[in-house]
Amino acid sequence: MNTDKFIQIQDVEQTFKTAKGLFPALRDIQLNIAKGEFVALIGHSGCGKSTLLNLIAGLTTPTHGVLLCANREIAGPGPDRAVVFQNHSLLPWLTCFDNVYLGIERVFGRTETKAQLRTRTDAALAMVSLSHAALKRPGEISGGMKQRVGIARALAMEPKVLLMDEPFGALDALTRARLQDELLEIVAKTQATVVMVTHDVDEAVLLSDKIVMMTNGPAATIGEVLAVDLPRPRSRIALADNAQYQQYRKAVIDFLYTRQGHVEKAA
Amino acid sequence: MMNKDWRPFWLAVLPPVFGLALLIGIWALVSIGTKGSIPSPYETGLQAIDVFSDPFYRKGPNDQGVGWNVLMSLERVAVGFGLAALVGIPAGFVIGRFAFLSRMFNPLISLLRPVSPLAWLPIGLLVFKGANPAAIWTIFICSIWPMVINTAVGVQRVPQDYMNVARVLNLSEWKIATTILFPAVLPYMLTGVRLAVGTAWLVIVAAEMLTGGVGIGFWVWDEWNNLNVKNIIIAIFVIGGVGLVLEYALIRVATAFSYEDVKS
């Protein structure tokens, strides 16, 4: 298998039927993602970045074109492509433990004993430092903790790909920074392939190997792909003074606000 | 000091007491206005003490205590309602889950739901050849609609996020039903149950007036034939009281099973 083309997106176009007629969300998307790569999708609101993520997840099917994961066509959602949802989407009637267990049971339930499944669940919660909250319900913990449970649920399934839809968007700046650091560590440990939707320039540069910048919708497409060649492990404090980091940051800001900014004003 | 402490107590107690006093006042005026053909609150009160002093006597099939009448009515409601829940809740689930079935059954429900359940009583008498099963059948018909409809609406309103979780995890239809649909729909279902029990309690009185036997509705009709208006008024209060208790109990159950943080 060609590890440079772990996920292949070819000629993808997505059109939605709405009450006002057809709405072209995405056109002409070409993208390859390598195994173990961390890719950020960035763009203004409504540029279809979540639409693209949902396509990779298999939650929607493209109107035209094809998406491949590990050389197989993506025909529907599956536990090999775990999703961390923007609003965490934990089931409020289950404890944190049971929320994580639900995914683990689905993936490993046929081959492992109950005790092994429970060990996996404990390990997943420990990874996001939430062992103490295992028996709490989502309503009893903070927004940051809920998002961490969501990440634990996704990672515990040992997915080939981790898809994250603005996972830290609803959190305060300090919590967001802490979770970004945690995510960096986890990704370094698990070597996961990650696709993350974000609108935060710093987040994109700090976390990614590749930043996919999208033009404004409707009929959005990939405007530019920026390879982020910063050494890992990365530290946000060290990078703050790094000239290369600042260049990447400037390149993204330049794309978003100079070249794509005026379109939004016109809309 | 004492004054201050007692104010919230009086504010909580006095308005309902005034409301009750107003009702009894109007009742007394009507009693005077009709020259006693509607008995006065005082007379009715004395009669009530008499009726409630021995609620479980049995003097033949048509003369039993008020306790037996209420219990018999509650039993019919319980059986009819229970059967309706057994059929209606699963039906609501599949109608809510599968668009094809929803389109198939919605016209039927829309057509049959507005029909007064009493219109079904003759069909019940014909099919079951007995007054008691016919009354139960009427309760079944009137309580099934709120349960089917509320359960179906609940299933259709399960947040898309939860269904996306189910799709990403690739859960089986059974697992979706037990871990996502059922808990998410439970509050809607309990609303349906509450509406159904409320309607059933309304309908049982009318059904029993027509079918006879032992029951609170038949008791009202029997006392009308005896021209014992005092007992009719007592029956009205009993019916209201039982309805109130049922409603309160089901609201308590519903709040125990709803998740306030579903949106957060």
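Between chain B and chain A the count is one salt bridge, meaning a side-chain nitrogen of Lys or Arg within 4 Å of a carboxyl oxygen of Asp or Glu. That bridge joins the side chains of E105(A) and K175(B), at 3.1 Å from N to O.

Before I go on, please keep in mind that this is a predicted model, in which local features need pLDDT of at least 70 and side-chain atom pairs count only at pLDDT 80 or more, while totals for chains, interfaces and linings use all residues. Residues are numbered from 1 along each chain as its sequence is written, chains are lettered from A in the order in which they are written, and side-chain values use heavy atoms, with hydrogens and water left out.

Staying with the interface, 18 residues of chain B are in contact with 26 residues of chain A, where contact means heavy atoms within 4.5 Å. The area buried between the two chains, that is, the accessible area (1.4 Å probe) lost on putting them together and summed over both, is about 1,900 Å², and carbon and sulfur atoms give 65% of it. On the chain B side, R167(B), V168(B) and L169(B) lose the most area to chain A, together 31% of what that side buries.

Let me now turn to L226(A). Is this residue buried or exposed? L226(A) is buried, since its relative accessible area is 14%, and buried here means under 20% (1.4 Å probe, protein chains only). Its place is in strand β10 (residues 222–227) of chain A, a strand being a DSSP run of E of at least two residues, numbered from the N terminus. Not counting residues up to four places away in sequence, L226(A) touches D209(A), K210(A), I211(A), M213(A), Y248(A), A251(A) and V252(A).

V252(A), for its part, is in contact with I42(A), V201(A), V205(A), I211(A), M213(A) and L226(A), again leaving aside neighbours within four places in sequence.

Which residues touch the most other members of the largest nonpolar core? They are I9(A), V205(A), I211(A) and V252(A), in a core of 129 residues, where a nonpolar core is a set of buried Ala, Val, Leu, Ile, Met, Phe, Trp, Tyr and Cys residues joined through side-chain atoms within 4.5 Å. Helix α8 (residues 173–211) of chain B gives the most to this core, with eleven residues, a helix being a DSSP run of H or I of at least four residues. A second, separate core of 21 residues includes I139(B), V220(B), V238(B) and I239(B).

Key:
Buried < 20%, exposed > 50% of the residue type's maximum accessible area, 1.4 Å probe, protein only.
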